[in-house]
Amino acid sequence: MSVEGAGLIRGFIETGRNLVGSYVDPRRWVTVQYPEERRATPENSRVYPFLVYDGADPEEGLRCVSCKICEKECPPQCIYIVPAQDERGRPRKHPAIFDIDISVCMSCQICVEVCPFDSIKMDQAYAWDREDRFGGLLLHKADLARPNRYYRELHPAEARVVDEHLARERELRESGVRAAVRASLPGSGEPGGGT
Amino acid sequence: MNMEGILALTGWGGLRWVGPVELFERGPVWLRDWAVGWLPEGAKVWAEGLIPAVAVLAVFGLLFGLATVAERKLLGRIQNRPGPNRVGPYGWLQFAADGVKMLTKEDVVPRSADRVLHFLAPIVMLAPVALSLAVIPYGRDLVAADPRCGLLFFFAVGSAAEVAAFMAGWSSRNKYSLLGAMRAIAQMISYELPLVLSALTVVMMAGSLSLVEIVEAQSGYWWGVIPRWHVMTPWGLAGLLLFMAAAAAASNRAPFDLPEGESEIIGGFMTEYSGFKYAIFFMGEYFGMFAVSGLAVTLFLGGWQAPLAVLEAAPSYGWFFLKLGVMIAWFIWVRGTLPRLRVDHLLNFGWKYLLPLGALNLLVAMVWRGLGGWAFPGAGAVRWLACLAMIGLPAILWGRLLMRSRGWGPRVYRYAS
Amino acid sequence: MERLASIQARIEAALPEAKLALAANPGASGQHSLVVEAAHLEAVARRLRDDPELQFDYLSNVTGVDWLDRVETDKVRVKREYQGEEIEVEESVERRVPGYLEVVYHLYSVARGTGPLVLRVRTGNRTDRVDVPSLANVFRGAELQEREVYDLFGVVFTGHPDLRRLLMWEGFSGHPMRKDYVEPDDYEYEPTPHGEVAAKASRRYAKRGQP
Amino acid sequence: MIDRGGSRRDECEAGGEDAGRLEVSMGPQHPSTHGVFRMDVVLEGETVVRLKPVFGYLHRNHEKIAEQTTYLGSMPYTDRLDYFCSLTSNWAYALAVEKLAGLAVPERAEYLRVITAELTRLQNHACQMGFMLQDLGAMGTPMMYAFREREKILDLFESLTGSRMMCNYMRFGGCRADAPAGWIEAARGVVGDFPRFLDEYEALLATNEIVMARTQGVGVLPRDLAINASASGPVLRASGVGYDIRKTDRYGVYDRFDFRVPVGDHGDCYDRFMLRLLEMRESVKILEAALEQIPAGPVIDGKVKLRNFKPRAGEAYGRIEGPKGEIGFYLISDGSASPYRYRVRPPSLINLTALEEMCLGQKVADVVVILGSIDIVLGEVDR
């Protein structure tokens, strides 16, 4: 049995408690004073994709082999790739053009998931703005390329797995090459070689 | 500060040494007399009216600015966020930025609006509210005008706001504006009655319509500690509660802000106003809130009287504005807590609840006076409790009856098997 | 499948004139469906709802499917005269299978917790015989969804209380969810009802002499 | 006859049945239509005598887009249907595809799905109540409290899925990523704190006389009409139907948790409001159990192809109990990489079927409250 009006008074007590509580209880305080304070982004956080390169050269070190899988799988179709060609006009395993239209990209991460070469990853940004609505939001290969170091900083746990995986593949490939070379040499006497 | 005394100008030409207490208390009056003294004889009578008017507008203009910031900051804290904190120290100059924004905004008038009425409505809104500020005594001898019928003047002038609301709603030629205007009329008319009725109790007890005299009737202390404010009596307490409920409705404040009702009818009668005209409306609403809060302070909270005899050293207008600040904070707290009523609930609440209780409160005040002659030990407490029960029990029971008759009440829920 | 067959038998026993057909679902979900003739749809739905043993009282989902006209090629052996002698050759004959629009209903039973029961009804073709009786009078829940199917597929629901477009604007031509719908190059220049409103308003203001 | 483009004077002069009536077009730009929803309301005084909802201002033909993209490619678009509850939309779509292709989901993934779905329910219900109170004119206080708690839940979503709102987390046959280290503990902390917020809400609102006066007996949806009009979720249960797909279909691992389904007896706005409060308490119970029981193991069936996913021909309808009601996906596969037919059953839209019945005879101020109590998101209504 409650007295009419008690509900209102309970409400006043509750808002009064919050009024005081906002000064003393950190759980009641989620506001961040934006330009001065920035909340740390968690490791999994994602905004737009970038391209990973190994070594020092952002052009030659790109892992991308322009297989166009991401272009095909991208739901809003915001990726545009043209493979590079060598002098004789044959396609090289390298992108000549790799553009992402950020104004269309919806940060879904599907390109990252489908990439078999671990060459496209998700960037993180707390705030992201450009003055030019059209050109500024079309990112080219040079804007997208980031060193592997950067990737390791952004997603340490994920990068560790990727690095291990790539190292294993490289080892396999190189040992495969070595084996092939050895196999081609007649009279190779080393035991256990080329297994 | 020289604690021994300060050379002060008391009236035109009179110089004497006064203490700081007297300086602060009498300062505003001296300043006025001094300024008037410069003028030729014919202009003095005008200046004596104009200077307080300008002073009141200036003080309340500044208070309006500060109150908007305070409201947003307090609401923010109630809602666990900081509120405005960027412009000026701790955001207290936000009102200046808002003012600049309002002034530089485009003034949009709908093509089919009645331009003359549309232009006049904000002025008609602000002017009477500003007038009603004239009769409130802000301190000892600090009142812009003290007519014998001060309270009557207050209510008479204040009701002009209804005309303004309807002018704005009708001239905008917008359906939401019209709905808002109709709500405003219905609400202001129904709530003027309980407002007047609860003020009438005070008039009856104080025996005067002059607000200055009403404040003076509340001077002194019981047993030297409890101030003889009306709120300390059962009928005064009930009167204050009734008055505040009705005042919130009369000044369109939450939870009675239906004429604006921005979640239902966009902005009510202010929908088609922008820029400076909107600012004037806004100012009018705040002035209205100040006026009714000031009146509540005057009628029930002892006006400029200090709460304790030892605190009387502080200037009297300081006490008034402190109490006014408490009233404003109360309005803000209500706004941060309660949802809005519906228009039919609002009218029901006014006519069926506040009005009968207001009438009953008159009766309680009479009984209070009648029981004043009791002289047995503990008579004071018995009288107090008897009168409180006389108004409190009917208030609770009548409220319960009204709620239950419509089937409103807490519910118990079952769970599917 | 057996359960669906028993429902079919039960309905056919109650409504002898209504013929139901089982449509098997080759997928993994096992949600087979009953195909109802358009003429008996309302009666079947009402029976499904009111039958005390079935009580399919909750129409969860109504949607359309557009099946295009298909060209199927049949291999036939025909005798042909070739260089004086008659030989049997294999020829492919093209057969045009007319397409149709299909409305699919997913029914559940709130009372019994069973479902889904999938009902399908088909229109005669995709052009002029596109009407299907409305279920809005049996299940209110069909009202908005049938409007949507009408809007996006162009199925006309006869007996619907308020058959208007739901998502596209009035005056829009075409049915976007049809498989052969061609998107216009530029949506910006589609006529909208607002043009008419603006023209009307300007006429009225001109008459009154207002600016 | 009402001239739509006309002014008040025209309507009053027109005479006849509609004389003295006011036709107001509430929306698409109106503070309380939760986006770009529009209602053509005819008022007599302040009483509603006719109400026609108008849809489509946010229509983008989601279904057509999905029929032109791959199965996987539709997943991020489902986030954008009901942008408050991306994870439940994800789940419903993943469930439909799993039914279509006959996929099984690892146990840990099922638990993660339950956890994320219930967290979604918590933040959706909290915000819905805040919005409804905002429509009642409560100046944002309850909404801010709800957003304060939602912030904590969205932080969890961000550290699990990478995005606060557009999570894109579920995959066919599991979830995209396992919970990072410490996530389960963080979630436990947030869930443990949540009842405090519920108590606060209850104290602030549940017995508030103004809330009761404004919502009790307002927007009544009778039991039979609720079923017949295919209402779902809290709207259906507030009308006295104890129908919860989590109990009926027992999808995921919901049969392992002990929770109750609250039912209202009046079908009014207050019941819809209180049911959400009670449902949140049950969700907290589910979450506590799920976070306790969650087993170790893989989160996705590694055999399911991400690219070139082509389920065999067939069809499936999968539905779950989303926060707003029954969210379902109907898919027809023709064996190719994109669905032949892709249909969303939008609970927000279908719950609006009986809107006019609920609003007739009520005041114009009630219309926004009723709309708020139904809980719609225009991204899903218009798709």
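Which residues does D:L355 touch, not counting residues up to four places away in sequence? In this predicted model, the partners of D:L355 are D:F37, D:M39, D:L51, D:P53, D:I370, D:L371 and D:I374. D:L355 belongs to the largest nonpolar core, which holds 190 residues. Together with C:L48, C:Y105, D:L119, D:F172, D:W183 and D:L352, D:L355 touches the most other members of that core. Helix α12 of chain D, residues 269–293, supplies the largest share of the core, with 13 residues.

Chain B was examined as a whole. Its secondary structure comprises 14 helices and 5 strands. The radius of gyration is 23 Å, close to the 22 Å that the globule rule gives for 417 residues, so chain B is as compact as a globular protein of that length. Along the principal axes, the C-alpha atoms of chain B fill a box of roughly 85 × 70 × 40 Å. Of the 417 residues in chain B, 51% are buried. Among contacts in chain B with a separation of 6 or more, 71% join residues 24 or more positions apart.

One residue of chain B illustrates such packing in detail. B:A67 sits in helix α2 of chain B, which spans residues 41–78. The relative accessibility of B:A67 is 6%, under the 20% limit, so B:A67 counts as buried. Leaving aside residues up to four places away in sequence, B:A67 touches B:Y286 and B:F290. B:A67 and B:A329 are 262 residues apart in sequence, yet their C-alpha atoms are 9.0 Å apart in space. Both contact partners of B:A67, B:Y286 and B:F290, also belong to an aromatic cluster.

The whole structure has 51 of them over all chains. One is formed by B:W330 and B:W333, with ring centres 6.0 Å apart. Their planes meet at 85°, above the 60 degrees required, so the pair is edge-to-face. Both residues lie in helix α12 of chain B, residues 316–337. They are 3 residues apart, which means a separation of about one helical turn. B:W330 has a relative accessibility of 35% and counts as partly exposed. B:W333 is also partly exposed, at 29%.

Chain C provides a further edge-to-face pair, C:W169 and C:F172. Here the ring centres are 5.1 Å apart and the planes stand at 75°. C:W169 is partly exposed, with 28% relative accessibility. C:F172 is buried, with 6%.

Charged side chains also lie over aromatic rings. B:R77 is placed over the face of A:Y23, at 3.9 Å from the ring centre. In chain D, D:R150 lies over the face of D:F147, at 5.3 Å from the ring centre.

Chain A, which contributes the ring of A:Y23, is divided into two parts. Domain 1 covers residues 1–30, and domain 2 covers residues 49–180. The C-alpha centres of domain 1 and domain 2 of chain A lie 52 Å apart.

Technical notes:
Residues are numbered from 1 along each chain as its sequence is written. Chains are lettered from A and ligands numbered from 1 in the order in which they are written. This is a predicted model: local features need pLDDT of at least 70, side-chain atom pairs count only at pLDDT 80 or more; totals for chains, interfaces and linings use all residues. Side-chain values use heavy atoms; hydrogens and water are left out. A nonpolar core is a set of buried Ala, Val, Leu, Ile, Met, Phe, Trp, Tyr and Cys residues joined through side-chain atoms within 4.5 Å. Buried means under 20% relative accessible area, exposed over 50%, partly exposed in between (1.4 Å probe, protein chains only). Helices (H or I, at least four residues) and strands (E, at least two) are DSSP runs, numbered from the N terminus. Contact means heavy atoms within 4.5 Å. Domain bounds come from an automatic or database domain assignment. Rings of Phe, Tyr and Trp (its six-membered ring) pair if their centres lie within 6.5 Å; planes under 30 degrees apart count as stacked, over 60 as edge-to-face and the rest as tilted. A charge sits over a ring if NZ of Lys or CZ of Arg is within 6 Å of the ring centre and within 35 degrees of the ring normal. The radius of gyration is taken over C-alpha atoms; the globule rule is 2.2 Å times the number of residues to the power 0.38.
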